[in-house]
Number of protein chains: 4
Amino acid sequence: MPLQVSDAASYPRLDRRLRLGFVGGGRGGLVGDWHATGARLSDCWEIVAGALSSNPENAVQSGRDWRLAEERIFTDYREMAEKEAARGDGIDAVAICTPNHTHYDIACAFMDAGIDIICDKPITLTSEEALDLATRQRASGLVFGVTHPYVYHPMVRQARAMVRRGDLGPVRQVQVEYAQDWRTGPPDPAFKGAVWRSDPKKVGRASTAGDIGTHAYHLLHFVTGLPVTELRADFHVCGAPKDMEDTAFINLKFENGAPGAMWLTQAAPGNYCGLRLRIYGEKAGLEWEQETAEILRFNPLDQPQQIIVRGHGSGVEPEAERMLRQPRGHGEALSDAWANLYRELAIAIAARRDGLALPDDLLAIPDAMDGARGVKFIEAAADSHEAGGVWTKCWLDG
Amino acid sequence: MPLQVSDAASYPRLDRRLRLGFVGGGRGGLVGDWHATGARLSDCWEIVAGALSSNPENAVQSGRDWRLAEERIFTDYREMAEKEAARGDGIDAVAICTPNHTHYDIACAFMDAGIDIICDKPITLTSEEALDLATRQRASGLVFGVTHPYVYHPMVRQARAMVRRGDLGPVRQVQVEYAQDWRTGPPDPAFKGAVWRSDPKKVGRASTAGDIGTHAYHLLHFVTGLPVTELRADFHVCGAPKDMEDTAFINLKFENGAPGAMWLTQAAPGNYCGLRLRIYGEKAGLEWEQETAEILRFNPLDQPQQIIVRGHGSGVEPEAERMLRQPRGHGEALSDAWANLYRELAIAIAARRDGLALPDDLLAIPDAMDGARGVKFIEAAADSHEAGGVWTKCWLDG
Amino acid sequence: MPLQVSDAASYPRLDRRLRLGFVGGGRGGLVGDWHATGARLSDCWEIVAGALSSNPENAVQSGRDWRLAEERIFTDYREMAEKEAARGDGIDAVAICTPNHTHYDIACAFMDAGIDIICDKPITLTSEEALDLATRQRASGLVFGVTHPYVYHPMVRQARAMVRRGDLGPVRQVQVEYAQDWRTGPPDPAFKGAVWRSDPKKVGRASTAGDIGTHAYHLLHFVTGLPVTELRADFHVCGAPKDMEDTAFINLKFENGAPGAMWLTQAAPGNYCGLRLRIYGEKAGLEWEQETAEILRFNPLDQPQQIIVRGHGSGVEPEAERMLRQPRGHGEALSDAWANLYRELAIAIAARRDGLALPDDLLAIPDAMDGARGVKFIEAAADSHEAGGVWTKCWLDG
Amino acid sequence: MPLQVSDAASYPRLDRRLRLGFVGGGRGGLVGDWHATGARLSDCWEIVAGALSSNPENAVQSGRDWRLAEERIFTDYREMAEKEAARGDGIDAVAICTPNHTHYDIACAFMDAGIDIICDKPITLTSEEALDLATRQRASGLVFGVTHPYVYHPMVRQARAMVRRGDLGPVRQVQVEYAQDWRTGPPDPAFKGAVWRSDPKKVGRASTAGDIGTHAYHLLHFVTGLPVTELRADFHVCGAPKDMEDTAFINLKFENGAPGAMWLTQAAPGNYCGLRLRIYGEKAGLEWEQETAEILRFNPLDQPQQIIVRGHGSGVEPEAERMLRQPRGHGEALSDAWANLYRELAIAIAARRDGLALPDDLLAIPDAMDGARGVKFIEAAADSHEAGGVWTKCWLDG
């Protein structure tokens, strides 16, 4: 039995590295590097196969860059799914790192082949497709992990634990923002990611709201546990002219009646990767920012602010400790979050393969249903914007 | 001639301290202390008369606390206006520090007596009253200063200068927020300011949106120079139950088409006096926060952030230098801003008394028309909220 | 009886403003402005007399700038001492804001006239003179306040209270530094303060170590309560060439055996007024910096850092609350510290005049003996440096 | 030819992953995890062999944990050196992660077998041994990399480039500190690293000064390029009683006459991994801190502070760009620094194996001579302390 769940250890050990294939991720891309970073640093995976580009030449070159065996370098993901499924040492999972419009077909092909899925966000162009993937996930029992790396930072887990144990009291309002500046000026034609992100056929009904908005939306739900039932969105182009929005101002209504605001932009000079979450309850507030991911600011009403850092003996919850990779003060950052993501997925996938039930609450991996909620968020925002900024239902139960 | 305008000096000198009277500001209040602080630290004023409370006993006690001459301690502001106007050494100006609903009558009484006005914000309960004060100001030629102290910080002046000289390029979006936490829990009945701020008869159609919202609104206009033409507001109670809002989420449309968001709350634990302005143009962004008022963050696109601090030789504009009270590194804070406010008003009032025209652009004192715009902002926000969050005209020309 | 000590109030009230005279502080100076700022903002003083410069013309001009009555503008401080002592409404205290070498004679003249002293630091050129002033203070019963404004910040008081109540456990090591950069480049001949600070006849045996070193030294003693028994100093010129040191590296031994380091420089580009104190005990550490004076960082071992801010209900000690001038979040800075300094001195001086014993521990005003310790520190540092950096006794008991 | 040096690419590509063996690094250790992290994340190495502990059982268990082939799990490093050297697919390099006293013998064994060395610091117990390793390195032509990971942060490279191109002018003074708190309380007997670090037979003549002091010492030399010619050290126990120092206060003299101070402690509560370097020149200052490794503060005299962040178009030098692993805003931290370290070593080792001369200045890898300087620093500090804190020669030419 490859997976051993130990009471003593903070997480189960695998008896071998799992085998990972990639669709997308070849030369010129960025997202594939993150996935590969996570896989390597986790030490739970070896990358053995790939259809790394829709461009055959790039696919082959990139496969050689990655030192894949020649027979496992593919130019067609369907062939890859088929052949890998047929091997005794075929891939345990596929990482899908392609532009948005291709996710659905690729995911279907690998799920049909019985291969677990690790998929970038947004997982599809439409919520119908996304819900279909969720249905397929349930029916098949496969793992379908959506890659929201930010929730694999220890302090995000700590924030979630603190909200759940009531340190804030009932949540009464939320501010979330994700601000960047790389689309302020005219696009660099050499950066493919900038091109397809402005093409509605490839990116879907929203650009910035889909690209970084789904992260912000998932983060706030992950931490607060509160569904956003309605939203109101206005899309804008605040940077150089482009076909789709680079900025969105969104108002939120949570299930418990609390209001919130979300600001998404890629055209605010001086913001690099400014994902920031502020949650206010009756008893306390919490603040977390991606660029200083190791710090969680806890503000109990009328008491000194506490700077919570991973590794403290007091107050850091097991679900945060579980994500630690370094002693405190020795910095962790995005690579470490991706490594945690790939480690947790390895545990989940090994457990599925072994028919092993994991302890309740061991893992908190965003799945296809979470991915579908992200797509629904994009649709609701686009609907609201197109209707002139009216309140629009947003949530998917299930 | 009491006022001497020197080319060499950064500002004119007065040949005597001006005489200041107070309406409101007695024991138990907070706002009066700020006014008195500014007057004292500016060294341009002596406080000589007052109707310091509507409660006669408090008025007398407070007058003695302040060491006023007995005959200049009043229990009725109308009597004060009349008697002071009749004295040869009567007050040069009156500071109005009372609850909102009384401002209009008090201002009228002193303007009728030919006395210059220094009035807290919002200046009236309705925009009709406010516009009437603006009309009276113009007709009388009197000075009517509205006390927005934040724009007397050197780095706010620097921000304004940088926007005006085009360092940001055209402004494309704005985020402004003013977050506090003192109304999160149940109110302290001993704090009178909390009581009247929840009473629409005294505070007007908005509570938090009026109290701190007018500051945020004025600040963003002062710095950007851009009128807000429309807004959309939702009011909420996020703290302990109360009769009026303690939180508002507001969307803004600027005259040039740029969008903005404003967040106002007094129920977000861990925020003390969190007034924060972020402006983004085509070429750069600017950030300023009241709690670190000495720092202006300037983010030219794709270049290192600059931490602009008062007193640097390069890049700090004369209108910021003009507000300096200490060498750099020797901290300035709210008292210094109030001192600048009272110094600038002293110059304006002395100049008016002397019939002296000041150099163009020497002063940038919020006046009755600015005050009226603040009241219009409150009304637009209340109208929008009551209509369910619809876009509502906001701006007053003039 | 002018002074009323109330149980209810946090500090006694004066029934009149005290009368203050200045020696030094005229045009071109900086230190006098701080004293005047503190006196004005405290609202406990009126400035009525002055020998504001050793240059007669400047003395007269400056006196008129300050709106002193002509007969109370002096060109000779001895005449001022004599005449003010003879008036019924003579000054209650004199503020001495002149270069160091003149302090002793001026202080003697006013003490001989029975006038309380408020003296800048270092109080004399030699410890013999300083101890003589301390002896005279004791013999006369006069108040002799030395102006170390930093210890009038609420968070410095809070730090002191926390050390005293044992929050840190025994202090085991200390780091203190005061770094500026204004002497990095060649001196501006127009800045008189730069000139006399490089002249050993006027500044004493150390320049930087005297000017800012005495502040750092006093601060660490004020907060820790620990005498420095020995020190080892090396003086350097790290900025433009000059006759005296602009930088000192000093090692410290405390009475309890704990080591410490002190770094003093006025030639470290990017440091404006970087006074920073870090104290480490067995149980916790504390950090305070002048440029962010409102924040005290408390680090209990293995627990989250606490950001202690004035005005919190929990944990802020009465001796810190006593220094508050603004609600929390409404910034306080150097002007406020000087105002606290002048208020505390007013209370002490009024009490002395009335023969009133103040409650134990009400005031913690640096006095002539503290001033003498500062001079001894300078001498020990200069002795150590001149001897090649040997351990040198430093402390003055008494 | 395995290594291809491309003009276009920022660094050469390897045509295969190099093979890495470990001595030390087994269960219970910390340092081995960092080395393995760097090797994995760099994607330039595969870990194939190890003598992971001096305890045979731990060695075997750890080897299995790491999924080494059984025949490449060793309990004796000499056997490992011999057998790996004999294999066609033997290790390309060995990572030495054992306690200090074993480094010399292990390094000699692998150098004798013709295997390149990656060695933790301090590299030996004595400078004689260290110089012998440096001599052997030169004689053999082998690569001998010492693992100072901090200099692989992009902003440390940027700092070095800025000093070298004269942005600061001549360096006039330096402050460096490395402060931790994990030895404040009594040691945890389960933490082996705490035990041997207090045993002079294993750790050498200094504990804290060796453990973290060598990092601080190397960092300041790497960035400034200035040899420390003399130092003066005092060792202290500021935390719980222990046999060796947990704190050192050190004064420095640089070759150009500039003074500096170094503070090293593992007993200052609230400091986790507080390595901080401040360099001051005639024209500007620079500040870098390990816990916020992505930010470099540049303070040109009398101009605004610049926050330099990796990835900016302007001002970031190629030698910093070369270390980038993520787009700006997407955090990098210690794992990324270790990955850069292992990538640079892979390039150097592949080049040596291929007889390839790399472009001048391509690599800046701390080598055995740098390691020897670190040991000499330890000895000088210990000598100085034992002699009562006298100035002691420190530098090793060569």
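1. A word on secondary structure before anything else: helices (H or I, at least four residues) and strands (E, at least two) are DSSP runs, numbered from the N terminus. With that in hand, Glu245(D) sits in the loop between β9 (228–236) and β10 (247–254) of chain D. This is a predicted model, where local features need pLDDT of at least 70, side-chain atom pairs count only at pLDDT 80 or more, and totals for chains, interfaces and linings use all residues. Residues are numbered from 1 along each chain as its sequence is written, while chains are lettered from A and ligands numbered from 1 in the order in which they are written.

2. Is Glu245(D) buried or exposed? Glu245(D) counts as buried because it has 27 C-beta neighbours inside 10 Å. The cut-offs are 20 or more other C-beta atoms within 10 Å of a residue's own for buried, 12 or fewer for exposed, and partly exposed in between, with C-beta atoms placed from the backbone. Leaving aside neighbours within four places in sequence, Glu245(D) is in contact (C-beta atoms, placed from the backbone, within 7 Å) with Ala206(D), Ser207(D), Thr208(D), Ala209(D), Phe235(D), His236(D) and Val237(D). Asp354(D), 109 residues away along the chain, has its C-alpha atom 45 Å from that of Glu245(D).

3. Now to chain A as a whole, which has 13 helices and 16 strands. Its radius of gyration is 21 Å, close to the 21 Å from the globule rule for 398 residues, so chain A is as compact as a globular protein of that length. That radius is taken over C-alpha atoms, and the rule is 2.2 Å times the number of residues to the power 0.38. The C-alpha trace of chain A spans about 65 × 55 × 40 Å along its principal axes. Of the 398 residues in chain A, 62% are buried.

4. Ala59(B) belongs to helix α2 (residues 56–65) of chain B. With 24 C-beta neighbours inside 10 Å, Ala59(B) is counted as buried. Not counting residues up to four places away in sequence, Ala59(B) touches Gly26(B), Ala51(B), Leu52(B), Ser53(B), Ile73(B), Phe74(B) and Thr75(B).

5. Chain B can be laid on chain A with an RMSD of 0.0 Å by a turn of 180 degrees and a shift of 0.0 Å along the axis, the superposition being by least squares on the C-alpha atoms of residues with pLDDT of at least 70 in both. The two copies are therefore related as by a two-fold rotation axis. The same surface serves both, as 100% of the contact residues of chain B recur in chain A.

6. Last, helix α6 (residues 154–164) of chain C is mostly covered, with 9 of its 11 residues buried. Among them are Met155(C), Val156(C), Arg157(C) and Arg160(C). After α6(C) comes Gly166(C), whose phi is positive, near 90 degrees.

Conventions:
Contact = placed C-beta atoms within 7 Å.
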